[in-house]
2 protein chains.
Amino acid sequence: MRFVCFLVVSAAVAVPVGAQGRLTVADPVVLVVHGGAGSASPDLPPARRADLLARVEGALRAGHAALSAGGRALDGVQAAIELLEDDSLFNAGRGAVLTYDGAVRHDASIMDGRTGLAGASAGTMHVRHPIALARAVMEHSPHVLLAGAGAEEFAMLRGLELKPNSWFVTAAARGALRGLQGSAAPTAPPGNGTVGAVALDGEGHLAAGTSTGGMTNKRWDRIGDSPIIGAGTYAADATCGVSSTGGGEYFIRLVIAHDVHARVAYLGETCGEAARHVIRETLTGAGGEGAVIVLDTAGRATMVTNTNAMARGTITRSGRVETFLFSDEGP
Amino acid sequence: MRFVCFLVVSAAVAVPVGAQGRLTVADPVVLVVHGGAGSASPDLPPARRADLLARVEGALRAGHAALSAGGRALDGVQAAIELLEDDSLFNAGRGAVLTYDGAVRHDASIMDGRTGLAGASAGTMHVRHPIALARAVMEHSPHVLLAGAGAEEFAMLRGLELKPNSWFVTAAARGALRGLQGSAAPTAPPGNGTVGAVALDGEGHLAAGTSTGGMTNKRWDRIGDSPIIGAGTYAADATCGVSSTGGGEYFIRLVIAHDVHARVAYLGETCGEAARHVIRETLTGAGGEGAVIVLDTAGRATMVTNTNAMARGTITRSGRVETFLFSDEGP
């Protein structure tokens, strides 16, 4: 008989300190959340900044609670995003921006890095939690992407909570639409935007999700990048989980989330290196604006935007939260 | 005074003979067309095979005529696809498969490899040429992807030709739906399917496009991969033009068309090597079925499917046509 000994080093424990600087070996990031890339005034009153980041922290803690209770990465993503969908300060769920016709139309997607499965919904008007619908599409339909009235029929069949469209409409969104309708071209939502999350669960699996109302004054049932797997959302355990935010048309054409994955898979970059390249070189070079947040199975998070601000944050396995607003803050 | 001489070798002339085997140096492929990946009986009567491939040849010649008249790659793609959309033998335009509710709903997209711009439409019911709508979205809207009634409103504003939904419905499509509605799960269309084309114009630019009715018995306003940039269609002069066909959910999750591009951009593979890997390894490994056709700026075409058949063909600058049906035929 022989004794064979293994030194077991989990992926999370093996995180190298240094490259990311802010990680401890034993305490990987398990959830990263964004509340949309955009612009913020350097003169933003401290109380408003604190309020905004407190909401991001709430989402981080909601997702963390789901993960700490043994939930899957998908549960962490969904819990964090549902809180932000209900928060009228963000451009998702309640508080989403308005279409040319003055209505709210939601887009959302979710992807499971363990299985490669994904679900998404586009252009819904009455589903309280579009991220829950995206997950239901993944888990209970043979399809990946459902749209409009058909997606809502499916939501009803699944018993998801519905709200009248007016429930989602805020005075701020009405004001933003009025401000734009003198001009012909739609623009990115002012202030806080699309929400997204990437989670790492206790079994070492990743998931990513994104939810949005799109861009103010969007027209003709425009679908943005958020419900497009590979553009708005991507997750693969072998590479990274990715959630995007920004000018959706650029993210669709550049297939931004999958490009992060591909650079890791084919160039051997880290998720952080790939995210920085895709935002600072590829997206910026094409004239687009926006951001990605990424997380790998070692619990290394990167949040990078080429706008001046993105409300964002991370929470570690032990529950340590960090939040940031301006692009030059944090890791 | 000095005389400086240049030996000018255009990309098309510089095509190496050998790797692709079937190319002549002076006569690059300028258009490649598919009529959908699927299954065909080895006992297919010769007359039916000849008829099917004659239709593919017709599309090749229509696209070639547009290119020969000085048209852009986009014009070649559009001309080829419009012919196949009007041909009720293919699952696009007239003759498209039916939804769970017995209607036709079209998806299409187009991308310009020169500019990186793209357009797409999903779930339209009355636009005679969905590929023309996709191009109009690219050229005349600030968006990339429009859906449903909004996409049709945009089509009307652009003066595109409309038809009643019943105009698109064929007896064969009705029969296929009846055959499936005993079962719960939708399946890929029987026989001939999605259509697509990739073109190379006289200025050395690529474009790609795809048009489909999706899968028989699709439900809840399902959107497939064909209108998704990166899944069903991708084009970049620096790498390849790509059009996909097959089980759309796999193509969305695996971001197949962009994956071909990424392997060329990041691994240095040829478009042919990338296409073969993505279909034979990535898609097959995931359990998906389908195909891509690809073309590069040197006029090298590759058409690869993991199904037993795909009606497909190429035409060279001089007008030499080759068409193939079974997967083991041709280059």
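Helix α1 of chain B passes helix α2 of chain B in a right-handed crossing (near helix turned clockwise from the far one by less than a right angle). The model is predicted: local features need pLDDT of at least 70, side-chain atom pairs need 80 or more, and totals for chains, interfaces and linings use all residues. Residues are numbered from 1 along each chain, chains are lettered from A and ligands numbered from 1 as written, and side-chain values use heavy atoms, without hydrogens or water.

In chain B, α1 covers residues 46–68 and α2 covers residues 73–86 (DSSP runs numbered from the N terminus; helices H or I, at least four residues; strands E, at least two). From α1(B), the contact takes in B:R55, B:G58, B:A59, B:A62, B:G63, B:A66 and B:L67. These meet B:A73, B:D75, B:G76, B:A79, B:A80, B:L83 and B:L84 of α2(B) (heavy atoms within 4.5 Å). The contact residues divide into 9 nonpolar, 3 polar and 2 charged (Gly counts as polar).

Chain A holds a corresponding pair. Helix α1(A), residues 46–68, packs with α2(A), residues 73–86, at about 150° and with axes 7 Å apart. This arrangement makes α1(A) roughly antiparallel to α2(A). The crossing of α1(A) and α2(A) is right-handed. On the α1(A) side lie A:R55, A:G58, A:A59, A:A62, A:G63, A:A66 and A:L67. On the α2(A) side lie A:A73, A:D75, A:G76, A:A79, A:A80, A:L83 and A:L84. Residues of this contact divide into 9 nonpolar, 3 polar and 2 charged.

Helix α3 of chain A, residues 130–140, is mostly covered. Of its 11 residues, 9 are buried (under 20% relative accessible area; exposed is over 50%, partly exposed in between; 1.4 Å probe, protein chains only). The buried stretch is made up of A:P130, A:I131, A:A132, A:L133, A:A134, A:R135, A:A136, A:V137 and A:M138. Their cover includes α2 and α4 (148–157) of chain A. Strands also contribute to that cover, among them β2 (106–112), β3 (118–124), β4 (145–147) and β6 of chain A.

One tryptophan position stands out for its backbone. Most residues other than glycine have a negative phi. A:W220, however, has a positive phi, near 55°. A:W220 sits in the loop between β6 (206–212) and β7 (222–223) of chain A. With a relative accessibility of 14%, A:W220 counts as buried. For B:W220, phi is also positive, near 60°. The loop between β6 (206–212) and β7 (222–223) of chain B holds B:W220. B:W220 counts as buried, at 14% relative accessibility.

B:L267 belongs to helix α8 (residues 256–267) of chain B. Its relative accessible area of 38% makes B:L267 partly exposed. Beyond residues up to four places away in sequence, B:L267 touches A:Y266 and B:A262. B:L267 lies 62 residues from B:H205 in sequence, and their C-alpha atoms are 22 Å apart.

The relation between the chains was then examined. A rotation of 180°, with 0.0 Å of shift along its axis, superposes chain A on chain B at an RMSD of 0.0 Å (least squares on C-alpha atoms with pLDDT of at least 70 in both). The two copies are thus related as by a two-fold rotation axis. The copies meet through the same surface, because 100% of the interface residues of chain A are also interface residues in chain B.

Conventions: Axes are lines fitted to C-alpha atoms, for helices over the stretch in contact, and angles run from 0 to 180 degrees between N-to-C directions. Angles under 35 degrees count as roughly parallel, over 145 as roughly antiparallel, 65 to 115 as roughly perpendicular and the rest as oblique.
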